[in-house]
Amino acid sequence: MISVEDFAKDAEKWFAENTPRDLDFMLPLTFMEVGTDQQFDFLRDWQRQVYEAGFLGAAWPSEYGGGGLTDAHQSAATKVMRAHNVPIMMNTIGLSWAGPLILDIGSEAHKKKYIRGILSAEDIWCQGFSEPENGSDLGNAQLRAVRDGEDYILNGSKIWTTHGHYGKYMILLARTNPDAPNKYAGLSFILTPMDVPGVRTQKIRKLTGEHGFTQTFFEDARVPVDGLMGAEGMGWKIAMQTLEYERGARGGQAGGFSITEPDPLEILNLARDTGQINDPVVRDDLIDYIIEAQSLNLNGQRAKIGPLIRDNPSGLPLMDKLAKTEFAREINQYALTLQGTKSAYYVDEPNAVDGGWWHRSYLNAFSATIGGGTSQIQRNIIGEHVLGLPKSY
Amino acid sequence: MISVEDFAKDAEKWFAENTPRDLDFMLPLTFMEVGTDQQFDFLRDWQRQVYEAGFLGAAWPSEYGGGGLTDAHQSAATKVMRAHNVPIMMNTIGLSWAGPLILDIGSEAHKKKYIRGILSAEDIWCQGFSEPENGSDLGNAQLRAVRDGEDYILNGSKIWTTHGHYGKYMILLARTNPDAPNKYAGLSFILTPMDVPGVRTQKIRKLTGEHGFTQTFFEDARVPVDGLMGAEGMGWKIAMQTLEYERGARGGQAGGFSITEPDPLEILNLARDTGQINDPVVRDDLIDYIIEAQSLNLNGQRAKIGPLIRDNPSGLPLMDKLAKTEFAREINQYALTLQGTKSAYYVDEPNAVDGGWWHRSYLNAFSATIGGGTSQIQRNIIGEHVLGLPKSY
Amino acid sequence: MTFDPQALGRLGITEEQVELMDVAENFCRDKTSISAVRELMSVSAGLDESANRDLTDMGWFGIAIPEEYGGVGLSLAEAVPVAEQIGRRLMMVPFIPTTVAAQAMLFGGTQAQKDTYLPKIVEHGSATVALSESNGSFNLNDIETEAVLGPEGYVLTGAKILVENLAAAKIVVLSAKINGKVRLFILDADLIPSAAMRREILIDETKSAYTLTLDGLVLPKSALMDEGKTAATLQRIDLTANLLASAEQVGGAQSCIDYTVDYLKTRKQFGKLIGSYQALKHTIVDAYVSYEKARSLLYAAAHSFEDQGKGEVATRMAAIGAGRALSFAADRAIQFHGGFGFTYDCDAQLYRRRAIFHDSLFGNTRWHKQKLTALLFN
Amino acid sequence: MTFDPQALGRLGITEEQVELMDVAENFCRDKTSISAVRELMSVSAGLDESANRDLTDMGWFGIAIPEEYGGVGLSLAEAVPVAEQIGRRLMMVPFIPTTVAAQAMLFGGTQAQKDTYLPKIVEHGSATVALSESNGSFNLNDIETEAVLGPEGYVLTGAKILVENLAAAKIVVLSAKINGKVRLFILDADLIPSAAMRREILIDETKSAYTLTLDGLVLPKSALMDEGKTAATLQRIDLTANLLASAEQVGGAQSCIDYTVDYLKTRKQFGKLIGSYQALKHTIVDAYVSYEKARSLLYAAAHSFEDQGKGEVATRMAAIGAGRALSFAADRAIQFHGGFGFTYDCDAQLYRRRAIFHDSLFGNTRWHKQKLTALLFN
């Protein structure tokens, strides 16, 4: 097996040569912000290239399409990708949610059927947990799945489906037993094809004015029972497991990254370019942002050092999303105040500063402070699970 | 009757001549901060002088000891008192809570017995609403009052009694009927002598290190039934009425003022004296404090202009306490950062900046963000009564 | 450091203000709606023509114009409640640019210009100002545009950005340098070739603004405004724009809070109305408190606007208070609407975008604080 | 503007740190308690003599002193977990002033001074620094005290304030000007007449500090430290003090949050545990997040303390993070304890006072931010 060092060297060489630069359109920072077909097609193709070059799924078993190497190899490659600030890996639900889950608890057939397409981005995967009426209360999912022979018949709808209108498969949280002792026990986790009759997606326009998410409607849609993961009633447990993959609390992801985290340096450059850096009050604010960025970066380092987190082992992991997403919202909002009269402009306006990137980033930042558990829910989770405070609801 | 103008002139002359200056000890800014006998005796004497000069209780009926003039007269005098920044009127519970209540709903006997002593500060009045176990939940008061002939027998304890160890009378919220349909209906409001057997006060040391409040214990204390205000079971309604006097939402107070509100100018002087004013970041912060002070001051003016508050008539009055007390806490806290190494000092340290006044004010500020309904309770009240949001408990 | 509390404005109100508040509140509420605004956003050039006509007919563009020029003869204090109600409904009418242009003429126009243009404004409504340039500076003296006197008049070179409502405007107050000195001109909009205008893409889709290329444009000598009054007029423009923008934002904050409170009263999660969760309840209360403070600052600014010194202090405080109130209320409104808040269909984003727009045109919070520092400390 | 992300420290830990963390955590927890601290506060001169003896016996005052001088021969990185645990229990021992004085000698002492005094510190444990003066300046060069060389040695005029733990100290590192240049001296505490010391009243009653009047005091020539190293030594003093003060505050923040969380879990109002109210719950979560960030900054500072440049940036960031974390946690702790929080008996005030104290001695947040601005932008 190739040594990690050599693998890293190969990666270094490949990304140095193949990382696309100077595009004439704006690339999204996160997989959730893919707003145009142009962005989508570009990123899909880019993921395929990275996969074919061997730097995605390197640690996944080769018999299913992975690289057959070790986590150390993939981490090395991912590190190089970050260093080169390459475009994101867009098939995130497959790479970081469905893929690891299938490899952990899926059948041989599941693995053969799904893994390769996840890596090559040929099969786009979607996530079907949230419902319009239960945005924060996932456990209350009402989408109904009724067993009928070798099929489930699905009725209901899911919302905030990223890449919904491109999706081939969905990891679906469905209610197979409405009479279960509690709301969680009635849920099942089903790998669902989206190209069957009765499945319809409808684009949702984001507050940015762009598209990105869809609502997915199921009307008597028949999907094969073999998509069931684990057993009926285990849906909640399995869904929570996928969230652990997503949070990185559990290993097994294909690698790469699907979210480029905000770099405080960027706002420093903006402040310099607009001359605002000369205002001592601005400099004072920027110091706070640098400290905040450094704190979060250090939290990540400390989370890996056992003795330094023993008092609250779950503290740093559980606060990561809250701290980072609120910081992103705040810093992008602040950036608008550095643009003088031109902060009145928006994306696609030739006079706009940085092409309106900051305005879009600020508005998009809410997808992270709202999606995947709002910041308010995150505080409940930290308060209850880390500090042991009583529930608020 | 003397004209308001002439009365104001007399007041101007009297306070110009008689306002005490250059004391060799620190005077409290609020009646709750009276920490030493020296302060107490001084303020008690000062109130008597103001009363005897005719500038306190000017609008209260002369047959009971008032000045027999109009509210306009008293307001004019109070305005002069503020202009001269005179020491506070310390018998606040009498002047602004018990007095107006007695004049509104008390018996002739009550008025003859109590009013004059309230104004002269000969009879110090205390407030007995809060209990140790029910700090925020006044309606849950448990102090028991059992009718026995012409007496009530009191058992229980009250806390946060201002001037408790000097008190002659207390306005007491007691539970006369534990079996009432709801917790409020079981309460009665009793004017209670504190110099009877079975009443014991115990000083509470404040976080400032000083004394000021007491806890008052009642053990089989007999007090005459004639102290009952209204009827049994009306205690909650009457207590709420006294709060309206206190908040100024209802007229009838004796006048003067018992709280000197923080003046943003003071912190500007501190910033100048310590040279911190030269730091542009400090200047930027100070501008925010000036704006905040001006907003609150303007809120007060606007609250009197009907057309400008018609959308939410109760909004400005109900937010006044929250906004002012939190601002006081914040600005005093900020003041500590303007003192360099000397902010390590505290009251009575010769090297301390302004004798440690800012440190004490910051710590004392919590009495207002906690007492009389915490800031958190205030936000509930505004949310529920002004914005019509659902209850949180 | 000297600090004079008297430099801080007081608060009062005139009968006319109350009257206009009533009229404006009813008119704006009945004349438009957010859904109507949303429709216009997608189709129109950022203008509600019907509402604009009504405003003209009601004489609102002349509220602060003396009667001798056909105006109502009141002051900007009376324009405030009108702008507040217009902002409350996000009504797409050029009340601010038109009123600002009119004030500029009143302060800096020659008698002939006042006689010619002020009645026009009262009659037709639309006027605007062309001051900002591609450097994005809030400083109105920080411009490159030049005017050189030639045989036919002043030949212009340069370009302006963020010229509000230019397509519909009849009159434009324009700044340019003559021999390095900033001067103001009145430009008859008919002189502008359509090729010289480009509609800009704004963060606030309820507003319209244009880039105006001036190269080659020639203004008659009579277009030059009173040179001696340039500085005072620029100041008048700045403060008028900020006073009325504050009013629009205070009105907007009120709607934004109402809109969010309605949601908190009806949306359930985990079996409870989300408005019972203090994380949302207390924060919206803070937004409400911030709104009420902003409204107090606004009416103090309206009241003392004409007082030397006090006027500027009060106006910049109002601009800061209003900007913060609307920005905070709208930012939290997006968050508290959860998934729906992230959609284009949720109105929260309209208010947030409006706040960003006003925090851009004639100075943002930090800019106003710098000015206040200079005014209050020295 | 140049900004180098590499100027930001990284995070790591040594085995010795872990070891000392264990030992210190157990020792401090078992050796003292808040009630014991409260008793000492009222009687002692701000010193827990028994604990102080134990620290000496365990050699903790020598952790960062080379073995050649009898020390343990580790670095300040290993002193951090000790200071953290001391701060966590509000233990009344002069760990910071003593360690700071020792570092000053190591950096700026003559060989003879190191040979004489460092072993003494390891042995007896009590040393301190006398730098601040009545101008209250954070700038250690901003002093008036003068030293004039006479036949018997250096004659001093001036006074120092906030000399921590002076009564118990054996050795004092002192700053004074010689011909206008700041210099450092080592003062044998035996030379100080008791009349020259006055115990000061501090906001933090668990600490002790004195005003030291120097007029007439004469130091032997041998008391002068290496003149060429004055600047570097003052810098060392500043950063060492801030590193260890950050550790004390991080430890304090942990206790303060634990203390408050316990109350929120047990106190009921309106029939519910108050910890279920989000107004309290979410705010204490924010305090906790702030504490964890501060702890990360602290260990990064400990890790990169000796790196040129990085060390100062990381240390000032840690001081800012720790100060904010403890100040905020303690301010909210007072509020959330309600009426009890307003009493002297509630421990919240002890933590709040501690934060104010550390925000005073060697710079506060604003001061550190000024320094960072200079270090990171230019």
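Helices (H or I, at least four residues) and strands (E, at least two) are taken here as DSSP runs, numbered from the N terminus. By this assignment, C:S194 lies in the loop that joins β6 (181-188) and β7 (197-199) of chain C. The model is a predicted one, in which local features need pLDDT of at least 70 and side-chain atom pairs count only at pLDDT 80 or more, whereas totals for chains, interfaces and linings use all residues. Residues are numbered from 1 along each chain as its sequence is written, and chains are lettered from A, with ligands numbered from 1, in the order in which they are written.

A residue is termed buried if 20 or more other C-beta atoms, placed from the backbone, lie within 10 Å of its own, exposed if 12 or fewer do, and partly exposed in between. C:S194 has 7 C-beta neighbours inside 10 Å and therefore counts as exposed. Between C:S194 and C:L243, which are 49 residues apart in sequence, the C-alpha to C-alpha separation is 31 Å.

Chain C as a whole contains twelve helices and eleven strands, and 61% of its 378 residues are buried. Its C-alpha trace spans about 80 × 50 × 40 Å along the principal axes. The radius of gyration, taken over C-alpha atoms, was compared with a globule rule of 2.2 Å times the number of residues to the power 0.38; for chain C the value is 21 Å, in agreement with the figure near 21 Å that a compact globule of 378 residues would have. Two residues are considered in contact if their C-beta atoms, placed from the backbone, lie within 7 Å. Of the contacts in chain C between residues at least 6 apart in sequence, 77% join residues at least 24 apart.

Chain A comprises eleven helices and eight strands. Its radius of gyration of 22 Å is close to the 21 Å given by the globule rule for 393 residues, so chain A is as compact as a globular protein of that length. The C-alpha atoms of chain A fill a box of roughly 70 × 55 × 50 Å along the principal axes, and 52% of the 393 residues are buried. Among contacts in chain A with a separation of 6 or more, 70% are between residues 24 or more positions apart.

Chains C and A meet through 35 residues of chain C and 35 residues of chain A. On the side of chain C that touches chain A, two or more residues each come from β4 (159-164), α8 (278-304), α9 (310-336), α10 (338-341) and α11 (348-361) of chain C, and α11(C) gives the most, with six residues. For the classes, Ala, Val, Leu, Ile, Met, Phe, Trp, Tyr, Cys and Pro count as nonpolar, Asp, Glu, Lys and Arg as charged, and the others, Gly among them, as polar. On this basis the side of chain C that touches chain A has 17 nonpolar, 14 polar and four charged residues.

Helix packing was described with axes that are lines fitted to C-alpha atoms, for helices over the stretch in contact, and with angles that run from 0 to 180 degrees between N-to-C directions. Angles under 35 degrees count as roughly parallel, over 145 as roughly antiparallel, 65 to 115 as roughly perpendicular and the rest as oblique. Within chain A, helix α7 (residues 264-273) packs on helix α9 (residues 315-336) at an angle of about 5°, the axes being 10 Å apart, which makes α7(A) roughly parallel to α9(A). Here A:P264, A:I267 and A:L270 of α7(A) meet A:I331, A:Y334 and A:A335 of α9(A), a contact with six nonpolar, no polar and no charged residues.

The contact involves A:S295, A:L298, A:N299 and A:R302 of α8(A), together with D:E292, D:K293, D:S296, D:L297, D:Y299 and D:A300 of α8(D). By class, the contact of α8(A) with α8(D) has four nonpolar, three polar and three charged residues.

Strands are said to pair if DSSP finds at least two bridges between them. In chain D, three strands form an open antiparallel sheet in the order β4-β8-β7, with β4 (159-164) and β7 (197-199) of chain D as the edge strands. β4(D) pairs with β8 (residues 209-213) of chain D over four bridges, and D:E164 has D:A209 as its bridge partner in β8(D).
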